[in-house]
Amino acid sequence: MHEGMQIAWEIEEVLRKDQGRTELDNVRAQLITSFGVSQVKKAVSGQGRKTRAQAAVKRKWKAVHSAANAYRRARAALIALGTSTDDIEFRPLTREDLKPFKMYGTDEELQAARSNLGESRKKVSWL
């Protein structure tokens, strides 16, 4: 490979890895905030407020899927550049991974929430 092409390849790889990390962070942020939006929807009353809350939920899910698709494009570019499909940092992002989740401060809080909600058998997303 020509030296100029090698340098261009290395730059492209660095940029795509940064893009992939950024988009993963964006997916996580959108999923965390989607939980909050869904809780607001449950708390409001009245037809107008429920309709606006439902529209907010739809907008949030569009943002989640947009961020997920951007990550998938960055991952595909990395694979085209030679990154292994088994790379631990850039795993495949499936539909099942896109679940809203709460942030817990401690492991004890997480375990308590799981036991109270019957979530102990649910598969945890790699996100």
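**Entry 1: what covers helix α2**

I started with the cover over the buried residues of α2, and α1 (residues 3–43) is part of it. A reminder to myself: this is a predicted model. The buried residues of α2 are A53, V57, K60, V64, A67, A68, A70, Y71, A74, R75, A77 and L78. I noticed that K60 and R75 are on that list, among the alanines and others.

I then picked A67 and skipped its neighbours within four places in sequence; its contacts are E23, N26 and V27.

**Entry 2: the length of α2**

Does the span of α2 agree or disagree with 1.5 Å a residue? Helix α2 has 34 residues (47–80), so it should span 50 Å, and I found its end C-alpha atoms 49 Å apart, which agrees. Just after α2, I noted a positive phi of about 115° at G82.

**Entry 3: the overall layout**

I stepped back to the whole chain and counted 3 helices and 0 strands. From the N terminus, the order of elements reads α-α-α. Of the 127 residues, 23% count as buried. The chain exposes about 8900 Å², with 54% of that supplied by carbon and sulfur atoms. Among contacts with a separation of 6 or more, 72% are between residues 24 or more positions apart.

**Entry 4: the nonpolar core**

Which residues make up the largest nonpolar core? I listed 12 of them: L24, V27, L31, V64, A67, A68, Y71, L78, F90, L93, L98 and L127. Both α1 and α2 supply at least two residues of this core. The biggest share comes from α2, with 5 residues.

**Entry 5: the surface**

I7, I11 and L15 make a nonpolar surface patch of about 280 Å². I7 belongs to helix α1, and its relative accessibility of 42% makes it partly exposed.

Is K58 buried or exposed? K58, a residue of helix α2, has a relative accessible area of 55%, and because the cut-off for exposed is over 50%, I put it down as exposed. I also checked K58 against S34: they are 24 residues apart in sequence and 9.6 Å apart in space, C-alpha to C-alpha.

**Entry 6: salt bridges**

How many salt bridges does the structure hold? I found 3.

- E12 and R16 meet through their side chains at 2.8 Å, N to O. Both are in helix α1, 4 residues apart, about one turn of the helix. E12 is partly exposed at 29%, and R16 is partly exposed at 25%.
- D25 and R28 meet at 3.2 Å, N to O. They are separated by about one helical turn, because they are 3 residues apart in helix α1. D25 is partly exposed at 47%, as is R28 at 25%.
- E89 and R21 meet at 2.5 Å, N to O. This pair links distant parts of the chain: E89 is in the loop between α2 and α3 (107–117), R21 is in helix α1, and 68 residues separate them. E89 is partly exposed at 34%, and R21 is partly exposed at 35%.

Methods. Residues numbered from 1 in each chain as written. Predicted model: local features only at pLDDT ≥ 70, side-chain atom pairs only at ≥ 80, totals over all residues. Heavy atoms only, no water. Expected span 1.5 Å × (residues − 1). Buried < 20%, exposed > 50% of the residue type's maximum accessible area, 1.4 Å probe, protein only. Contact = heavy atoms within 4.5 Å. Core = buried A, V, L, I, M, F, W, Y, C linked by side-chain atoms within 4.5 Å. Patch = residues over 30% accessible without salt bridge, like charges linked within 9 Å, V, L, I, M, F, W, Y side chains within 5 Å. Areas by Shrake-Rupley, 256 points an atom, 1.4 Å probe, with all protein chains shown as cover. Salt bridge = Lys/Arg side-chain N within 4 Å of Asp/Glu carboxyl O.
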